[in-house]
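Colleague: Could you walk me through this model and tell me what stands behind each label you use?
Modeller: Gladly; here it is.

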Amino acid sequence: MGNALRFLYGHCCKPSTTGDSESLGPHGISAATVGVSALAQDLFHFEINSQVPEGLSKHVVSSKKAQANWYRKLLEAWREAKPPPKTPEEASRLVIQTLKRHQKADVEGLLAFYGLPLPHTLIQLSSGVPTSLPDGVKFELLTLPVDPRAVPDGDTISVYVSTADPRESSCVPREVQMAAVQRSKARAERNYEKADNLQKKITDAGYRVISVQNEEILARKYRIRLRGIDAPESKMPYGKEAQEELVKLVQGKCLRILVYNEDRYDRSVGDIYCNGIFVQEVMLKKGLAWHYAAYDQRPELASWEKEARAKRIGLWASTNPEEPWEWRKARREGR
């Protein structure tokens with residue numbers, strides 16, 4: 001087994017430990033792993049035994065011999081990819097490009113078999129990170145890695161900024177600084193009850209001591225409302241999908257946030273950038289949010305929503321999706 005394939009198996013192929021309560025994907029792999037890792041695992045097995053996965057024929061129209069030809073091509077393409085695909089979108093693009101001369105029904109069937117995005121749902125991102133602060137920005141935040149539990153829905157997120165940041169260092173309340181020092185001392189003395197009480201005091205003040213790469217950092221909490229979009233509420237159709245997409249975009253990553261103002265819930269309203277990606281653009285182009293035109297008239301946001309509508313992806317697959325602001329209004333009025 002070559003180094004590339006060993007890397008492929010070691011980094012992408014996790015043996016399934018699925019229990020009976022966890023749903024399985026189309027070829028017996030845990031639904032949580034269907035996608036990049038499932039395709040990588042099957043390519044690894046094909047290299048060993050030249051067998052395509054069971055059940056694939058139910059999703060495609062060509063013969064087993066043709067299927068084997070696809071896997072030979074995909075295995076070679078995966079090895080040559082630098083870096084190899086890590087996201088479902090990257091894996092989908094590799095499949096589409098490698099098998100572009102093959103039948104559409106086969107390509108889409110193969111993608112569906114692995115739960116990878118179909119061609120019409122893939123998006124091209126046009127926005128980059130601003131090189132200078134746009135007009136109207138009040139301040140900029142550079143966050144610590146995001147905890148996925150801090151993403152309650154598709155347009156809100158809680159983030160933490162280190163108090164070592166120059167903007168934060170001058171305004172940390174003295175009682176919070178003292179509590180952080182005392183908490184560290186209590187933990188060193190293994191007085192965890194005292195340490196927990198001090199952590200609560202810090203948290204109640206809007207701060208938190210966070211462990212990042214075995215280093216404890218005092219950080220300030222900010223609640224962020226994504227500027228210019230309104231995602232479906234969690235109990236609405238596509239609310240869960242919107243929340244999951246936002247988690248996928250930001251979890252474990254440090255964000256750059258340009259804050260423009262505050263809303264009536266004391267949330268900072270801002271644009272979020274993650275690894276060079278404008279998060280609002282992704283949410284709109286994937287049909288997982290509305291352009292919130294009542295509060296933001298940027299034409300590019302309207303254009304991205306229009307693009308998703310035309311493709312009928314995400315919430316636009318529905319004939320007449322309900323606007324989240326109307327949904328909230330109806331519930332306030334008891335309708």
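This is a predicted model: local features need pLDDT of at least 70, side-chain atom pairs count only at pLDDT 80 or more; totals for chains, interfaces and linings use all residues.

Modeller: Residues are numbered from 1 along each chain as its sequence is written, and side-chain values use heavy atoms, with hydrogens and water left out.

Colleague: Thanks! How many helices and strands are there in the chain?
Modeller: The chain has 12 helices and 9 strands. Helices (H or I, at least four residues) and strands (E, at least two) are DSSP runs, numbered from the N terminus.

Colleague: Is the crossing of H7 and H8 left-handed or right-handed?
Modeller: H7 passes H8 in a left-handed crossing. The word applies if the near helix is turned anticlockwise from the far one by less than a right angle, and right-handed if clockwise.

Colleague: Which residues of H7 and H8 meet?
Modeller: From H7 come Val 176, Ala 179, Ala 180, Gln 182, Arg 183, Ala 186 and Arg 187, and they meet Tyr 192, Lys 194, Ala 195, Leu 198, Gln 199, Lys 201 and Ile 202 of H8. By class, this contact of H7 with H8 has 8 nonpolar, 2 polar and 4 charged residues. Contact means heavy atoms within 4.5 Å; Ala, Val, Leu, Ile, Met, Phe, Trp, Tyr, Cys and Pro count as nonpolar, Asp, Glu, Lys and Arg as charged, and the others, Gly among them, as polar.

Colleague: And why are H4 and H5 described as roughly antiparallel?
Modeller: Their axes cross at roughly 155° and come within 10 Å, and H4 and H5 are therefore roughly antiparallel to each other. The crossing of H4 and H5 is right-handed. In H4, Ser 92, Val 95 and Ile 96 meet Val 107, Leu 110 and Leu 111 of H5. The residues of that contact divide into 5 nonpolar, 1 polar and no charged.

Colleague: Which residues of H5 are buried?
Modeller: In helix H5 (residues 104–114), the buried ones are Asp 106, Val 107, Gly 109, Leu 110, Leu 111, Phe 113 and Tyr 114. Buried means under 20% relative accessible area, exposed over 50%, and partly exposed in between (1.4 Å probe, protein chains only). The buried residues of H5 pack against helix H2 (36–49), H3 and H4.

Colleague: Why is Asp 230 called buried?
Modeller: Asp 230 has a relative accessible area of 0%, so it counts as buried. Asp 230 is found in strand S5 (residues 229–230). Its side chain makes polar contacts with the side chains of Arg 225 at 3.2 Å and Arg 328 at 2.7 Å.

Colleague: What makes those pairs polar contacts?
Modeller: A polar contact is a pair of N or O atoms within 3.5 Å; within protein, one must be able to donate a hydrogen and the other to accept it, and residues adjacent in sequence count only if both atoms are side-chain atoms. Asp 271 in strand S7 (residues 268–274) has one too, at 3.1 Å between its side chain and that of Arg 227. Asp 271 has a relative accessible area of 2%, so the label is buried.

Colleague: How is Gln 213 classed, buried or exposed?
Modeller: Gln 213 has 77% relative accessibility, so it counts as exposed. Gln 213 lies in the loop between strand S3 (207–212) and strand S4 (215–226), and its phi is near 50°, a positive value in a residue other than glycine.

Colleague: What makes Arg 312 partly exposed?
Modeller: Arg 312 has 46% relative accessibility, so it counts as partly exposed. Its phi is near 55°, again positive in a residue other than glycine.

Notes:
Axes are lines fitted to C-alpha atoms, for helices over the stretch in contact, and angles run from 0 to 180 degrees between N-to-C directions. Angles under 35 degrees count as roughly parallel, over 145 as roughly antiparallel, 65 to 115 as roughly perpendicular and the rest as oblique.
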